[in-house]
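Please keep the viewer open as you read.

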Amino acid sequence: MTVYVNRIFFSTNDHPKLLGLSIYFQGCDRSPKCLFCHNKETWEPYKGFKYDLEDLIQILKDKINYALESYDKIAVVYLGGEPLAPYNRDAVFQISKELKEEFSEKIVNTLYSWRTLEEIEKQNLENYIEYMDELVLGPYDHTQRNVDEKGNVLFPASKNQKYIKFNKVLSK
């Protein structure tokens, strides 16, 4: 399977408490797009860096192993674009499954989506988030920007977005 990614990097901005290995998937299926989206370069599908899925998973495993030399736990953050877009969701599922099976509680799989939980259920996408530990759901709304008194962006980035943390045990 081929997957298109805009960028992959370590970040302290994409998770509220953990170092994040942020994977920005290429392509967003939301229409209209979020006003003031800060990732406009990820909108167009099938652009960016083209990976064979197994090669990408190995790259991510190598990066996680490197980070775990210095951290007890990290977040693997799935963003975009849109990770649950039809052309990204199979890869997101496979990556999150393989990483969770290998690293278990040493990683926190965190997915950002413009979709709400109701939309995920209505579109029958629950199986694609099976290996996610946390979700940040809802479109970014600049009019509801979540900032402190000094103007620093808080988590999540807009007040309409919902942060959901699952308490589940991975069965082997």
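Y46 is found in the loop between β2 and β3, where helices (H or I, at least four residues) and strands (E, at least two) are DSSP runs numbered from the N terminus. This is a predicted model, in which local features need pLDDT of at least 70 and side-chain atom pairs count only at pLDDT 80 or more, while totals for chains, interfaces and linings use all residues. Residues are numbered from 1 along each chain as its sequence is written, and side-chain values use heavy atoms, with hydrogens and water left out.

The backbone of Y46 has a positive phi of about 65° although the residue is not a glycine. Y46 counts as exposed, at 53% relative accessibility; the cut-offs are under 20% relative accessible area for buried and over 50% for exposed, with partly exposed in between (1.4 Å probe, protein chains only). S104 also has a positive phi, near 50°, and is a residue other than glycine. S104 belongs to the loop between α2 and β5 and is partly exposed at 25%. For context, most residues other than glycine have a negative phi, and most peptide bonds are trans.

Two cis peptide bonds are worth a look too. The bond from S31 to P32 is cis, with omega near 0°, and P32 sits in the loop between β2 and β3. F155 and P156 are also joined by a cis peptide bond, with omega about -10°, and P156 is part of strand β8 (residues 153–158).

**Aromatic rings**

How many aromatic pairs does the structure hold? There are seven, counting rings of Phe, Tyr and Trp (its six-membered ring) with centres within 6.5 Å; planes under 30 degrees apart are stacked, over 60 edge-to-face, and the rest tilted. Y4 and Y46 make an edge-to-face pair, 5.7 Å centre to centre with 90° between the planes. Because Y4 lies in strand β1 (residues 2–11) and Y46 in the loop between β2 (20–25) and β3 (49–52), this pair ties together parts that are 42 residues apart in sequence. Y4 is buried, at 18% relative accessibility. Ring pairs also bring Y87 into a cluster with Y4 and Y46.

F9 and Y24 form a stacked pair, since their ring centres are 5.6 Å apart and their planes are at 10°. This pair links F9 in strand β1 with Y24 in strand β2, 15 residues apart. F9 is partly exposed at 31%, whereas Y24 is buried at 4%.

Charged ends sit over rings as well, meaning that NZ of Lys or CZ of Arg is within 6 Å of the ring centre and within 35 degrees of the ring normal:

| Charged residue | Ring | Distance to ring centre |
|---|---|---|
| K33 | W43 | 5.9 Å |
| R89 | Y128 | 5.6 Å |

**The sheet and its helices**

Seven strands form an open sheet with mixed pairing, in the order β3-β1-β2-β4-β5-β6-β9; two strands pair if DSSP finds at least two bridges between them. At the edges stand β3 and β9 (162–165), each with a single partner strand, so one side of each has no neighbour in the sheet. From one strand to the next, the twist averages 30°, with axes being lines fitted to C-alpha atoms (for helices over the stretch in contact) and angles running from 0 to 180 degrees between N-to-C directions. Four bridges pair β1 and β3 in the antiparallel sense, and V3 has Y51 as its bridge partner in β3.

Helix α1 (residues 53–67) packs on the sheet and touches β1, β2, β3, β4 (74–80) and β5 (107–113), where contact means heavy atoms within 4.5 Å. The direction of α1 makes about 10° with that of β1. Helix α2 (residues 89–103) also packs on the sheet, touching β1, β2, β4 and β5, and its direction makes about 160° with that of β5.

**E82 and the cysteines**

Is E82 buried or exposed? E82, in the loop between β4 and α2, is buried at 1% relative accessibility. Beyond its neighbours within four places in sequence, the contacts of E82 include F25, C28, Y112 and R115.

C28 is itself buried, at 13%. Its closest cysteine sulfur is in C34, 6.5 Å away and too far for a bond. C34 is buried at 15%, and the sulfur closest to that of C34 is in C37, 6.1 Å away, again too far for a bond. With a disulfide taken as a pair of cysteine sulfur atoms within 2.5 Å, the count comes to zero.
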